[in-house]
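Visitor: I would like a close look at one residue. After that, please widen the view to the rest of the model.

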Amino acid sequence: MLDTIIYVLNIAIPLAFLVPFALFAVYFERKVSAFMQDRLGPNRVGPRGYFQTIADILKLLQKEDITPAEVDKPLYNVAPILVFMGSYAAFAAIPFTSIYIGSNIDLGILYIVAVSSFVVAAILMAGWASNNKYTLLGAMRSAAQMISYEIPTVIVIISMIIIAGTMNLFTLSELQTSSIYNWMIFGGPDMGWKKFALLPLSVIGFMIMYISTLAEVNRTPFDIPEAESELVSGYHTEYSGIKFAMFFLAEYANMFAVSIVVVSIFFGGYQSPFGYLGNTLGLSWFVPAEQFFWFTVKGIFFVFVQMWLRWTLPRLRVDQLMTMCWKYLIPISLVNLVVIALIMVL
Amino acid sequence: MKTEMMTLNMGPQHPSTHGVLRLELEIEGELVNKVIPHLGYLHRCFEKHCEALTYPQIIPYVDRMDYLASMNNEFGYVVTVEKLLGIEVPERVEYIRVIMAELQRIASHLVAVGTYGLDIGAFTPFLYTFRDREKILTLFEITCGARLLYNYMWIGGLSHDLHPDFVRLTKEFIEYFKPNLVELNNLLTYNKIFIDRTANIGILPADKAINFGITGPNLRASGVKWDLRRDDPYSIYDRFDFEIPVGKGTFGTVGDCWDRYYLRVLEMEQSLRIIEQAIDHIPEGDVQSAIPKRIKPPEGEIYARVENPKGELGFFIVSKGGLQPHRVKVRPPSFVNMGVLDEISKGHLVADVVAILGSIDIVLGEIDR
């Protein structure tokens, strides 16, 4: 009985973080875009528009759930849940602080990569089941894109695993403790001369991985699956109400998930860059709170970069997207992997 | 592998058909084989309607054709009727008309450039261009009270004289707008992704452009130096010094989407030049002195054309000597320009059709009339 309660709690904790985060992120995105575009952004609901997204979600909940005729009902209904599940399940292996991780499995990174692939299946299901040519095109593009871009992501992850020697995100975060100097982007924890050899390679790896994760979450300049000016809104054109809200929630959850994976691998995860106030003051219980703070701040920073890119860049074309992945990212990341492996063997 | 053709219906409610155009695309995967435009969703019987209206009553309807360039439409119409009536308008009117037409050309090109960015997926430049367009609309508003459909140019004159602040505000606008063009170029024009999406896409060679009757920026982007303001001057355009930019194929081939886009940016600079030359030399006078009491042209027919932001706008008016025209025929540049869509879209991807359509810059109000 107690076990069951602990399991349920364990499952619920990331959700308690994710839903408020998504609400905040939507508001944040609208404010960021407004700032970049010389507008005001939402400012009517609550002070400075803070409650705008809550009002939006309430509206979506109240809306009639329209199921178009001729859709494949089971697939159509399951797809939004599966999309959210795919991005939510990734949080199980992400360490929030040094005292909380949903499931401390040794194959953490591999698990995250595997489970995010569910999103591809769900998007294909949504696009196919909607029985609409635009959604089908969107889903096809999405599947091609996400599968292609997983390859450079995984190659970069492998090269980082070679440096760190672990696939467990918790251990990886603990490795990068105490100062910025130990972060993987700077070549990982102290290793003498190797660190300086690895530094540029890590930076290249980070850039490749960040670009690929952008493509995996379908954000501009890779928002081809939902390209508004071509495909109306891609694979979720036919969804409305709560099901649309699920896609929306999943998108923001995914943005945070990939950001935090990048942070965990390259930027020390939840580790503070300057050491902990709690340790200085001798308040050991304060340390996890600080760690959670840094976890959130780093995650939101990379989410902000995603938004920044979205409101600045145009969109690539399908074939250019594939060219970029197969002709540039994958070869570069492969060479990167080989060089890193050689340095580590020496 | 045998693949089947899919017919994709794009529009009339689609975000990037710029209104209520319906495109029937025959696609193979994402490769486009054929584009069939279907028109008429915005048809308002303009030409037939004109036969029941007196000459001045037609002006507000002319506004509604190319609603992004109402001033230019009015310009074309009043020039035609004035030619039919054989009246000369005062210098002051001519100067004000030219200034208004060039301001409107900038406004129209700003919409074209901004929405083109939107078609390619860049949202922010769109809002920047609309922010600047807003300033031009404010200039129109203080002049005649309207922001979109002005009914400002009347046959033989203007509905209102300039606001005392107009000259100052226009100069302020020019100073404000010049750096913004540079910003636009840095943000969008020379963006690598943008160039990749538009260079070598939808190439329209000069001979094909002439065969299809393409006019305006689309023709000039193909490398043909043809501008009615210089080649068949109307009003007082022959007094101003300005260049006619042509497409050079900077990043691809002459006449590709990037050229068509960039030509509009260059034309905005030239329009600014014309305004700068005109704004200081507006003579004094009464803008309504030449307006005839009764507009009843003699029997006859007339064709006159002006350079609109979209291309050559022509009016053919047949008069039987009554208060109403017997027949009004419009040569709408958007309609003619759109004819080439199928020709240059073949073999491109669906995303390119959007890019090509945006680069042709159509306005449905004019296509359907």
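Visitor: How many other C-beta atoms lie within 10 Å of A:Arg48, and is A:Arg48 buried, exposed or partly exposed?

Guide: A:Arg48 has 14 other C-beta atoms within 10 Å, so A:Arg48 is partly exposed. Buried takes 20 or more such atoms, exposed 12 or fewer, and partly exposed falls in between, with every C-beta placed from the backbone. The model is predicted: local features need pLDDT of at least 70, side-chain atom pairs count only at pLDDT 80 or more, and totals for chains, interfaces and linings use all residues. Residues are numbered from 1 along each chain as its sequence is written, and chains are lettered from A and ligands numbered from 1 in the order in which they are written.

A:Arg48 sits in a loop of chain A, between α1 (2–36) and α2 (52–62). Helices (H or I, at least four residues) and strands (E, at least two) are DSSP runs, numbered from the N terminus. The backbone of A:Arg48 deserves a look: phi is near 55°, a positive value in a residue other than glycine. Most residues other than glycine have a negative phi.

B:Cys45 is in the loop between β3 and α1 (46–50) of chain B. B:Cys45 counts as exposed because 12 other C-beta atoms lie within 10 Å.

Back in chain A, take A:Gly299. A:Gly299 belongs to helix α12 (286–310) of chain A. With 26 other C-beta atoms within 10 Å, A:Gly299 is buried. Its neighbours within four places in sequence aside, A:Gly299 is in contact (C-beta atoms, placed from the backbone, within 7 Å) with A:Phe256, A:Ser259, A:Ile260 and A:Val263. A:Ile260 is 39 residues away from A:Gly299 along the chain, yet their C-alpha atoms are separated by 5.2 Å.

Now the interface. Chain A gives 24 residues to the contact, and chain B gives 26 residues. On the side of chain B that touches chain A, the elements with two or more residues are β1 (6–10), α4 (91–120), α5 (124–144), α7 (192–198) and α14 (350–360) of chain B.

Next, chain B as a whole. Chain B has 15 helices and eight strands. Its C-alpha trace spans about 75 × 45 × 35 Å along the principal axes. Of its 369 residues, 50% count as buried. Take the contacts in chain B between residues at least 6 apart in sequence: 71% of them join residues at least 24 apart.

One open sheet of chain B has the strand order β1-β2-β3, with antiparallel pairing. Strands pair if DSSP finds at least two bridges between them. β1 and β3 (31–38) of chain B are the edge strands, each pairing on one side only. Neighbouring strands of this sheet are turned by 20° against each other on average, direction ignored. Strand β2 (22–28) of chain B pairs with β3(B) in the antiparallel sense over seven bridges. B:Glu24 stands opposite B:Ile36 in β3(B).

Another open sheet of chain B runs β6-β7-β8, and its pairing is antiparallel too. Its edges are β6 and β8 of chain B, which each pair on one side only. Its twist averages 15° from one strand to the next. Strand β6 (300–307) and β7 of chain B pair over eight bridges. B:Val306 has B:Leu313 in β7(B) as its bridge partner. β6(B) and β7(B) form a hairpin with four residues between them, and B:Gly311 in the turn has a positive phi of about 150°.

β7 (312–319) of chain B is mostly covered, with six of its eight residues buried. On to β8: this strand (327–331) of chain B pairs with β7(B) over five bridges. B:Phe315 stands opposite B:Val330 in β8(B). B:Phe316 stands opposite B:Lys329 there. Helix α3 (70–85) of chain B lies across β6 and β7 of chain B, at about 145° to β6(B). Axes are lines fitted to C-alpha atoms, for helices over the stretch in contact, and angles run from 0 to 180 degrees between N-to-C directions.

Last, confidence. Chain B has a mean pLDDT (the predictor's confidence in each residue, from 0 to 100) of 87, and 99% of its residues reach 70 or more. The model scores ipTM 0.80 and pTM 0.86.

Note on methods. Contact = placed C-beta atoms within 7 Å.
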